[in-house]
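User: Hi! Could you walk me through this one? I'd like to begin with the salt bridges.

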Amino acid sequence: MLGRTGLLIAFALAVLTFSLVRPDTFFTADNLRSMLLQSGAPLILAVGLTILLVLGDFDLSIGSMLGLGGASAVTMMALHGMPWQLAIAVAIGVAVIVGLVNGVIVAYFGTSSFVTTLAMGTVLVGIEFAFTDQKTIYEGVAQTYLSLGQSAPFWGINVQVWIAAGTAILVWLLLEHTEIGRFFHAIGGNPDAAYFSGIAVRRLRVLGFVLVAVAAAIAGILITAQAGSSAPQAGIPYLLPAYAAAFLGSTSFRPGQFNVAGTVVATLFLQVILTGLQMLQLSTAYINVVQGAVLIVAMLLSRLGQARA
């Protein structure tokens, strides 16, 4: 029982602790809305990653894909005068191509997903630099595009929070209530058995890589819309938190199994920790140490959960 609810208990204790230590600033409506906003894009990335982890694969290029996705949309508008809708479509299209390339190389040629996506991440950074000339681009971005990351149409909650919530629900429905979701779980559990039972293992693995790449691009679009600009390598810092959230989430609700509900709670938990540490005015060095330690602990707990399952 504790294994299923441990993350929720830790979440509640973290909120209580920081609320007591910083009562005037932490547990306020403005700060709660701010934490939800800062969790929006990371949640989309982590939920997309959960799909691939369910399949038993990894993608180390998602941070670079996030940066390239946002940069693609911004440069199409700012440097080429493209309408914002078409610019977003281009960014999504780039993500689909990247996901297909990753998936085909890993699933059809049998390469390591670690090595392949690590190399792809380097390629994507190079493409991003070619698009942006390694400059921060902030002029010529459509106002409607900016509203995707800056407007708060309902109850003062930013639109990207609603997009993140909708993404999480869609992925949960996919993994838990569709035949494809059941196939994903079967492949992650035993790909050979799934293949001999008639499941199109390679095609579904390719689909997983496409979905996580698209999720990364959407996250990148929202981040650039919120910032009103595209900065070089903006996506790299989001890689570690995404894995930390997915692995930490796998310790809750279904110990040892990656699941959307756990990823959502873990993403919010990590944001609470980050915000609380920042309010305590700790240096970035200590915050990075805590984030890395959380990922290590999450992987250990996930491994223990799999051993008990």
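Analyst: Happy to. Asp-57 forms a salt bridge with Arg-205, with 2.8 Å between the closest N and O atoms. By salt bridge I mean a side-chain nitrogen of Lys or Arg within 4 Å of a carboxyl oxygen of Asp or Glu. Keep in mind that this is a predicted model: local features need pLDDT of at least 70, side-chain atom pairs count only at pLDDT 80 or more, and totals for chains, interfaces and linings use all residues. Residues are numbered from 1 along each chain as its sequence is written, and side-chain values use heavy atoms, with hydrogens and water left out.

User: What parts does the Asp-57 and Arg-205 pair tie together?

Analyst: Asp-57 sits in the loop between helix 2 and helix 3 (62–78) and Arg-205 in helix 10, so the pair links parts 148 residues apart in sequence. Helices here are DSSP runs (H or I, at least four residues), numbered from the N terminus.

User: Is Asp-57 buried or exposed? And Arg-205?

Analyst: Asp-57 is buried, at 4% relative accessibility, and Arg-205 also counts as buried, at 19%. The cut-offs are under 20% relative accessible area for buried and over 50% for exposed, with partly exposed in between (1.4 Å probe, protein chains only).

User: How many salt bridges are there in the whole structure?

Analyst: The search finds 4. One of them joins the side chains of Arg-254 and Glu-176, at 2.6 Å from N to O. Arg-254 is in the loop between helix 11 and helix 12, while Glu-176 is in helix 7 (residues 159–177), so this pair ties together parts 78 residues apart in sequence. Arg-254 is partly exposed at 31%, and Glu-176 is partly exposed at 21%.

User: What about Arg-33 and Asp-30?

Analyst: Their side chains meet in a salt bridge too, 2.7 Å from N to O. They are 3 residues apart in helix 2, which means about one helical turn separates them. Asp-30 is exposed at 57%, whereas Arg-33 is partly exposed at 34%.

User: Switching topic: what's the volume of the largest pocket?

Analyst: About 670 Å³. On a 1 Å grid over the protein atoms alone, a pocket is an open set of points where a 1.4 Å probe fits, with protein on both sides within 12 Å along at least five of seven lines; lining residues have an atom within 4 Å of a point. The volume is the space filled by probe spheres set on the points, which are joined across faces, edges and corners.

User: Which residues lie nearest its centre?

Analyst: Pro-42, Tyr-238, Gln-271, Leu-274 and Gln-291, out of 32 lining residues. Helix 2 (29–54), helix 10 (201–227), helix 11 (239–249), helix 12 (260–279) and helix 13 (284–308) are the elements giving two or more residues to that lining.

User: How does the lining divide into nonpolar, polar and charged?

Analyst: There are 21 nonpolar, 11 polar and no charged residues. Ala, Val, Leu, Ile, Met, Phe, Trp, Tyr, Cys and Pro count as nonpolar, Asp, Glu, Lys and Arg as charged, and the others, Gly among them, as polar.

User: Last one: what's the backbone doing at Gln-134 and Gln-281?

Analyst: Gln-134 has a positive phi of about 55° although it is not a glycine, and phi of Gln-281 is near 60°. Most residues other than glycine have a negative phi. Gln-134 is in the loop between helix 5 (113–132) and helix 6 (143–150), and Gln-281 is in the loop between helix 12 and helix 13. Gln-134 is exposed at 52%, as is Gln-281 at 70%.
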